Amino acid sequence: MYKNIYFIGIGGIGMSALARYYKAKGFAVGGYDRTESELTRELEREGIDIHYEDNVDYVPKDVENTLVVYTPAIPGDMSELRYVSEHGYRVVKRSKMLGEIAQGQRCLAVAGTHGKTTTSTLLAHIFTESGCGCSAFLGGISKNYGTNLLISDNPVIVAEADEFDRSFLQLFPKIAVITAMDADHLDIYGNIDKVREAFRAFASQVSGTLILKKGLPVSAEDTGAKILSYAYDDRTADFHAENISTDECGYFTYDIVHPEGCIRSVRCGVPGWVNVENSIAAAAVALSYGIGAPEIRKAIATFSGVKRRFDIHLNIPGCAYIDDYAHHPNELSAAISSIRNIFPGRKLTAVFQPHLYTRTRDFADEFAKALSCVDKLILLDIYPAREEPIPGVDSGIIFDKVTAPEKILISKDELMSCLGKEDIDILVTFGAGNIDRFTEEITALLNSRYGKE
């Protein structure tokens with residue numbers, strides 16, 4: 001049994017949930033991250049030792065009693081990672097640790113190239129609100145609970161099943177959802193066929209029920225699980241919405257039709273049609289598990305959402321500001337469509353920070369098409385994350401193809417100055433990098449300008 005759990009890349013959303021879990025279980029937990037963030041500061045306040053310098057002196061020297069967990073986003077030549085690999089420590093990937101925790105529990109997993117964080121967080125909320133309880137490892141911060149980790153005595157684990165680096169193949173769920181199978185992480189997979197191959201491999205590991213977004217290319221040949229489908233309003237899907245209505249603030253009321261009947265008059269606690277679809281997926285898992293309709297209806301209504309997922313920071317007469325994690329063209333399109341649905345006829349200004357050189361290169365045309373649907377685009381430099389620059393790849397290859405009525409290309413450092421001169425009606429910030437560092441400043445700016453009587 002280990003005494004110390006040491007995380008290399010502890011500030012990542014998945015890594016931080018594991019760190020919190022082991023801290024709660026009584027282990028001595030610490031680790032490294034490249035930059036300080038709100039999340040790492042929270043971990044430190046919870047008693048976890050974190051440093052921001054790549055220095056092997058911080059690594060616990062009790063080799064036999066120390067388990068090292070790392071994220072594949074960490075470069076292989078990083079000094080601490082190289083040190084533990086060469087000095088006899090047990091070193092495992094984050095995904096393997098999650099798989100080990102899930103063993104022996106009833107695993108409910110949510111996979112998909114987009115939609116999985118909101119769906120898994122809502123699913124965990126349904127289990128918690130219903131009194132069933134679950135442990136949950138989430139890919140975002142739940143606004144209901146202020147954390148990405150829930151712990152329960154009930155041996156049920158809700159896990160966000162991440163396709164990056166084929167991490168989800170460490171999970172063997174009883175019930176699973178696949179929300180989307182788009183081309184993404186092509187730096188890992190190479191092409192869409194390899195992405196689909198990995199999702200089908202994940203499907204083969206589901207033992208009970210597999211719930212698929214209607215139309216995804218997974219068949220009974222790929223899995224021994226019972227296959228059911230869901231969709232927003234496609235009546236041929238096993239789970240879908242009917243009698244859909246929306247109020248002036250974008251909140252939806254609808255019935256969820258399922259194979260055994262109907263959950264009537266469901267009101268989703270977060271706006272946007274995309275969240276209706278996510279709620280149907282979460283309800284499908286909960287119903288398959290055996291949670292009752294009244295509990296599901298109540299939980300969907302009290303769901304507050306996930307930080308950085310269609311996260312409304314300001315909504316006052318004459319101005320609204322939304323922050324969203326969207327970093328794939330299909331995510332952008334869905335979010336823009338939802339915003340247009342909530343605020344019809346309003347001027348939509350979007351700030352987008354591309355994430356990764358490879359993703360920008362691989363989807364430049366698709367990004368340009370999605371972003372051309374806004375009224376004004378403010379495009380920022382690429383956030384590199386784990387990658388080195390690629391010659392000829394910069395935000396300009398998206399910018400040149402965008403056909404929005406207005407567009408500008410600026411650096412991140414120029415953003416606040418630029419927004420200070422803009423006439424804002426509806427503003428959205430998109431990206432998976434560090435654009436969220438601006439949300440408080442942007443909210444304060446807009447509130448000071450438009451929030452006065």
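Residues are numbered from 1 along each chain as its sequence is written. Because the model is predicted, local features need pLDDT of at least 70 and side-chain atom pairs count only at pLDDT 80 or more, while totals for chains, interfaces and linings use all residues; side-chain values use heavy atoms, with hydrogens and water left out.

**Stop 1: α1 and α2**

Select residues 13–24, helix α1, and residues 38–45, helix α2. Helices here are DSSP runs (H or I, at least four residues), and strands are runs of E of at least two, numbered from the N terminus. The two axes lie 11 Å apart, at an angle of about 5°. Axes are lines fitted to C-alpha atoms, for helices over the stretch in contact; angles run from 0 to 180 degrees between N-to-C directions. α1 and α2 are therefore roughly parallel (under 35 degrees; over 145 is roughly antiparallel, 65 to 115 roughly perpendicular, the rest oblique).

Show side chains. I13, S16 and R20 of α1 touch L39, E42 and L43 of α2, contact meaning heavy atoms within 4.5 Å. Three of these residues are nonpolar, one is polar and two are charged. Ala, Val, Leu, Ile, Met, Phe, Trp, Tyr, Cys and Pro count as nonpolar, Asp, Glu, Lys and Arg as charged, and the others, Gly among them, as polar.

**Stop 2: α1 and α4**

On the α1 side, pick G14, M15, L18, Y21 and Y22. They meet R94, M97, L98 and I101 in α4. This contact divides into seven nonpolar residues, one polar and one charged.

**Stop 3**

How many cavities of 30 Å³ or more does a search of the whole structure find? One. On a 1 Å grid over the protein atoms alone, a cavity is a set of points where a 1.4 Å probe fits but cannot get out; a pocket is an open set with protein on both sides within 12 Å along at least five of seven lines; lining residues have an atom within 4 Å of a point. Grid points are joined across faces, edges and corners, and a volume is the space filled by probe spheres set on the points.

Select R94, S95, L98, G99, E160, A161, D162, S167, F168, Q170 and L171, the lining. α4 and β9 (156–161) each give two or more residues. α4 gives the most, with four.

**Stop 4: the second largest pocket**

Finish at the second largest pocket, about 190 Å³ in volume. Select T209, K226, L228, F239, H258, P259, E260, A284, L287 and S288. α8 supplies the largest share of the lining, three residues. By class, this lining has five nonpolar, three polar and two charged residues.
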